[in-house]
Amino acid sequence: MLKIAPSILSCDFSRLRDEIRAVANAGADLVHVDVMDGSFVPNITIGIPVIRSLSSISPIPLDVHLMISDPIRYIKEFADAGSDIITFHLEAASDPDAVISLIREQGKKVGMSIKPKTPVEKIFPYLSKLDMVLVMTVEPGFGGQSFMPDMLPKISAIRNYVKSHSLCVDIQVDGGITAKTAALVADAGANVLVAGSAIFGVGDYQEAITAIKEAYHSVRK
Ligand code: DX5
Ligand code: ZN
């Protein structure tokens, strides 16, 4: 099932509550929250106190994308703050299975992400333990970058693996998603679409989300 996850990285942070309500009313399914530590990625964004505040006001679940080194150190705090889905990077964890278990123990959904340069096969051993896999379609760190079309075969490879092993895993894409690229990732097999600038960067959120949904459904029902 298609889910749209606006990334608040591109929203007006001085009006965070209104921005989240606006995208929820415009048909968003999840709020995508990008947490960056200035170490795993060359940028710093927001963290636990902001997520705690958002969890009390967001009408839709919080999809927390951790771009932080050694994520196991903070899983409990992010869970307690009200994250609904916690996604960490395979490249950032020395013991990915331990991170998966810890997120599960907190009663949260588990996502694992891979950066563009990470071979897709690396994620296969974990797929049966995940609720969601996040294929980065830009180098993580900043909003507003261009979609990398050479990530499409990775999405297809994961979709094929999921099908052939009868798994139930959402396939999320993040980076450069617009109505145009939504059709490409839909065709490759993604079903959870993150979009920052293509939603918050335009005036009419309803129109922006509808355009992405329509592009997706033009390829997949
Ligand atoms: C980038 C973040 C993305 C980012 C996407 O590292 O993970 O979620 O906000 O922004 P757009 O949709 O503008 O590429
Ligand atoms: Zn993200």
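1. How many cavities of 30 Å³ or more does the count come to? The count comes to one. A cavity here is a set of points, on a 1 Å grid over the protein atoms alone, where a 1.4 Å probe fits but cannot get out. Why use a probe? Rolling one the size of a water molecule over the atoms shows where empty space is left.

2. Before you go on, note that this is a predicted model, where local features need pLDDT of at least 70, side-chain atom pairs count only at pLDDT 80 or more, and totals for chains, interfaces and linings use all residues. Residues are numbered from 1 along each chain as its sequence is written, chains are lettered from A and ligands numbered from 1 in the order in which they are written, and side-chain values use heavy atoms, with hydrogens and water left out.

3. The largest cavity holds about 230 Å³ of space, a volume being the space filled by probe spheres set on the points. It is lined by 25 residues (an atom within 4 Å of a point), and F142, G143, G144, D174 and G175 are the closest to its centre. Two or more lining residues come from each of β2, β3, β8 and α7 (197-200); strands are DSSP runs of E with at least two residues, helices runs of H or I with at least four.

4. So what is in there? Ligand 1 sits in the largest cavity, meaning that more than half of its atoms lie within 2 Å of the grid points. Around ligand 1 you'll find 20 residues (a heavy atom within 4 Å), with D34, G141, D174, G196 and S197 the closest.

5. Now look at the polar contacts (pairs of N or O atoms within 3.5 Å). The side chain of D174 puts a polar atom 2.7 Å from an oxygen atom of ligand 1. For a polar backbone atom of G144, the distance to a ligand 1 oxygen is 2.8 Å. H65 has a side-chain N or O atom 3.3 Å from an oxygen of ligand 1. The protein covers 100% of the 390 Å² of accessible area that ligand 1 has on its own (Shrake-Rupley method, 1.4 Å probe).

6. Which strand gives the most to the shell around ligand 1? That's β2, with three residues.

Key: A polar contact is a pair of N or O atoms within 3.5 Å; within protein, one must be able to donate a hydrogen and the other to accept it, and residues adjacent in sequence count only if both atoms are side-chain atoms. On a 1 Å grid over the protein atoms alone, a cavity is a set of points where a 1.4 Å probe fits but cannot get out, and a pocket is an open set with protein on both sides within 12 Å along at least five of seven lines; lining residues have an atom within 4 Å of a point.
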